[in-house]
Amino acid sequence: MERKRILSGVQPSGKPHLGNYFGAFRQHIALQQEYETFIMIADLHALTTIRDAELMRSLTFELALTYLALGLDPEKTVLFKQSEVPEHAELCWIFDCITTMPFLQRAHAWKDAQTKGKKEITVGLFNYPILQACDILLYKPSLVPVGQDQKQHVEMCRDIAQNFNNIFKCKVFKIPDPYIPKEVAIVPGTDGQKMSKSYGNTIDIFADEADLKKQVMSIVTSSVPLQYPKDPNSCNVFNLYKLFANPEELKKMENNYIKGGFGYGDAKKALLAKILEYFKEAREKYLKLKNQKAFIYEVLSEGGKKAKKVASATLNEAKKKIGYI
Ligand code: ADP
Ligand code: TRP
């Protein structure tokens, strides 16, 4: 029997962080055992924010390196760059022509940019959900594993697929489901908002130890003095600690908070130790692979070829239904 397929994408728009890991990467790597997995580096999407060639190259490399260090197996999983598969941009035009402006105006990212009074919102940012629908639909995945913030994009993708299938009376595009594990749906950042590259509140997976310490120490906490009891669940440090600790360790930490005499500095130290321990092996692999540039480029180039095969077959099906071929 054919294995079911998953596809997900991540923008190379900053250093990969704990939100990316728990919200996305960890699921991608676990699911590759069971599913035929496609992981895409969304460098076309990243052009909405990154406008420096060297930075684009280095962040793309960093993202590929991070996935491989965390255990993505290029024998099992297709890791590729979106810009290597022009079918994404081609399908995007097709969907542009069947999607309305009010539909896109519902997107959170667009609404956010508007409310923040951003003056120069590009057509690319407005069109972002359509390109994301192309990324997904070209590969006909059953599931799209993402964090909670991407739920709306997957829903829009489903609507776009239905719309095409209805207009052209066909079943070219498979309707995918989002896959969002509850407990890691939104990882908080150092300021308590959603951790995100664009908010500058990240804790980076492979930051060197000194930077990692700085990031952990910068987590915002309440002003309750050391000797007083504290509420664990409203504390950013505790909420991050939860992601790493086993039930016993968690209970112990909870008690520390409740009984008092335990400062936020102590909690941060415990969190830092957990992060270092959790990623110890991956960090060693990261440092080793960092110097194997040719290998990483080879993985991306092979992945690009495999992805293109699948994408162009789907695009051709769509083109036939439209009457281009
Ligand atoms: P960022 O918001 O930092 O730019 P991306 O948009 O590149 O992150 O997200 C890549 C993947 O990581 C997506 O699947 C997204 O849902 C997930 N993700 C990002 N931040 C978080 C977070 N704070 N909590 C859970 N998942 C997240
Ligand atoms: N928009 C996603 C994010 O910011 C990245 C992305 C692009 C993606 N194409 C995708 C995610 C396709 C899942 C499927 O995180």
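Student: Which residue lies over the face of Phe-61?

Tutor: A charge sits over a ring if NZ of Lys or CZ of Arg is within 6 Å of the ring centre and within 35 degrees of the ring normal. Here Lys-293 lies over Phe-61, at 5.5 Å from the ring centre. The charged end of Lys-230 sits over the ring of Tyr-264, also 5.5 Å from the centre. This is a predicted model: local features need pLDDT of at least 70, side-chain atom pairs count only at pLDDT 80 or more, and totals for chains, interfaces and linings use all residues. Residues are numbered from 1 along each chain as written, chains are lettered from A and ligands numbered from 1 in the order written, and side-chain values use heavy atoms, with hydrogens and water left out.

Student: How many aromatic pairs are there?

Tutor: Rings of Phe, Tyr and Trp (its six-membered ring) pair if their centres lie within 6.5 Å; planes under 30 degrees apart count as stacked, over 60 as edge-to-face and the rest as tilted. The count is 22. Phe-80 and Tyr-139 form a tilted pair, 5.5 Å centre to centre with 45° between the planes.

Student: Are Phe-80 and Tyr-139 buried or exposed?

Tutor: Buried means under 20% relative accessible area, exposed over 50%, partly exposed in between (1.4 Å probe, protein chains only). Phe-80 and Tyr-139 are both buried.

Student: What lies 2.6 Å from a nitrogen atom of ligand 2?

Tutor: A polar contact is a pair of N or O atoms within 3.5 Å; within protein, one must be able to donate a hydrogen and the other to accept it, and residues adjacent in sequence count only if both atoms are side-chain atoms. At 2.6 Å is a polar side-chain atom of Asp-135. For Tyr-128 the distance to a ligand 2 nitrogen is 2.7 Å.
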